[in-house]
Amino acid sequence: MIRSVLLPALLVTSATLFSQKLKPVSYQDGPQKLNGLVTSNAGKKLPGVLILPAWKGIDDEAKTAAAELEKQGYIAFIADIYGEGNIPADSDAAAKASGSYKKNYEAYQKRISLALDQLKKSGAVPGKIAVIGYCFGGAGALETARGGLPVAGVVSIHGSLGKDQTRKNGPVSTKILVENPADDKSVTPEDYNNLVKEMNEGNADWQIITYAHSKHTFTDPKSADYNPVMAKRAWNHTLMFLKEILK
């Protein structure tokens, strides 16, 4: 019991220490200033991973992932999707902001593309780049694949799987890994089945891993949904996938 209580606290402390090693990067979408973060190995020629954060913007989970990816030999860049002055202050604002980008998916894809450009400028080798995303960022990972952005693969971690069914399914050349918590009430059976149909019709290289006894934010140590066993498995699956497609 003591260990289970202490582990999330230790991970949060580690995230704070890791974040000190991340370097701020400012970039633009027209007049909108965006503020991303890149790992300290920027400038080297290495495979790269773009991290799309959850619905409240850049958080400790994204920072911890970036630091862990640097240890694995990747340059990691955390995207700023909302932009300076637009970071949601609470869950209601986050739901509204993320919902806007899910609806206006082309704007979301553009912000992802701009972040990919920054990752390349940071030294990531073109052709050896992947995208991982959490929650709202998981939806962005799928939008990366749908938009045909130039990446080798994407990982959607407890992401929103649905899309507007008026959008036509198209070819998908990007490899896809979906890490789906079994008890995520935000993902309906219809969303799940439609995604499988979409990927099959697009002739995608895809896989879905479902994690038992896991609610929506099962990978986040700060969440009441946190499942440390399944979170560790999901991260190992992410690393396995990235190694296969990038190294």
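Colleague: How do the axes of helix 3 and helix 4 cross in this model?

Modeller: In this predicted model, the axes of helix 3 and helix 4 come within 4 Å and cross at roughly 100°.

Colleague: Why is helix 3 called roughly perpendicular to helix 4?

Modeller: Angles of 65 to 115 degrees count as roughly perpendicular. The crossing is at roughly 100°, so helix 3 is roughly perpendicular to helix 4.

Colleague: Which residues make that contact?

Modeller: Helix 3 brings Tyr101, Lys102 and Lys103, and helix 4 brings Tyr105, Ala107, Tyr108 and Arg111. By class, the contact of helix 3 with helix 4 has four nonpolar, no polar and three charged residues. Tyr counts as nonpolar here, and Lys and Arg count as charged.

Colleague: What makes helix 4 and helix 5 roughly perpendicular to each other?

Modeller: The two pack at an angle of about 90°, with their axes 10 Å apart. The range for the term is 65 to 115 degrees, and helix 4 and helix 5 are therefore roughly perpendicular.

Colleague: Which residues of helix 4 and helix 5 meet?

Modeller: From helix 4 they are Tyr105, Tyr108, Gln109 and Ile112. From helix 5 they are Phe136, Gly137, Ala139, Gly140, Glu143, Thr144 and Arg146. The contact of helix 4 with helix 5 divides into five nonpolar, four polar and two charged residues, with Gly counted as polar.

Colleague: What is the order of the strands in the sheet?

Modeller: Eight strands form an open sheet in the order 1-2-4-3-5-6-7-8. The pairing is mixed, and the twist averages 20° from one strand to the next.

Colleague: Why do strand 1 and strand 8 stand at the edges?

Modeller: Strand 1 (23-29) and strand 8 (206-211) each have a single partner strand, so one side of each lacks a neighbour in the sheet.

Colleague: What lies between strand 1 and strand 2?

Modeller: The two strands form a hairpin with two residues between them, and Gly30 in the turn has a positive phi of about 60°.

Colleague: How many cavities of 30 Å³ or more does a search of the whole structure find?

Modeller: The search finds one.

Colleague: What lines the largest cavity?

Modeller: The lining is Leu142, Ala145, Arg146, Val172, Ile176, Leu195, Glu198 and Met199. Helix 5 and helix 6 (189-201) are the elements that give two or more residues to this lining. By class there are six nonpolar, no polar and two charged residues.

Colleague: Which residues lie closest to the centre of the second largest pocket?

Modeller: That pocket holds about 160 Å³ of space. Of the 13 residues that line the pocket, Lys102, Lys103, Glu143, Lys163 and Arg167 are the closest to its centre. Lys, Glu and Arg count as charged, and the lining as a whole has four nonpolar, two polar and seven charged residues. Helix 3 (91-103), helix 4 and helix 5 each supply at least two residues of the lining.

Methods. Residues are numbered from 1 along each chain as its sequence is written. This is a predicted model: local features need pLDDT of at least 70, side-chain atom pairs count only at pLDDT 80 or more; totals for chains, interfaces and linings use all residues. Side-chain values use heavy atoms; hydrogens and water are left out. Two strands pair if DSSP finds at least two bridges between them. Axes are lines fitted to C-alpha atoms, for helices over the stretch in contact, and angles run from 0 to 180 degrees between N-to-C directions. Angles under 35 degrees count as roughly parallel, over 145 as roughly antiparallel, 65 to 115 as roughly perpendicular and the rest as oblique. Contact means heavy atoms within 4.5 Å. On a 1 Å grid over the protein atoms alone, a cavity is a set of points where a 1.4 Å probe fits but cannot get out, and a pocket is an open set with protein on both sides within 12 Å along at least five of seven lines; lining residues have an atom within 4 Å of a point. Grid points are joined across faces, edges and corners, and a volume is the space filled by probe spheres set on the points.
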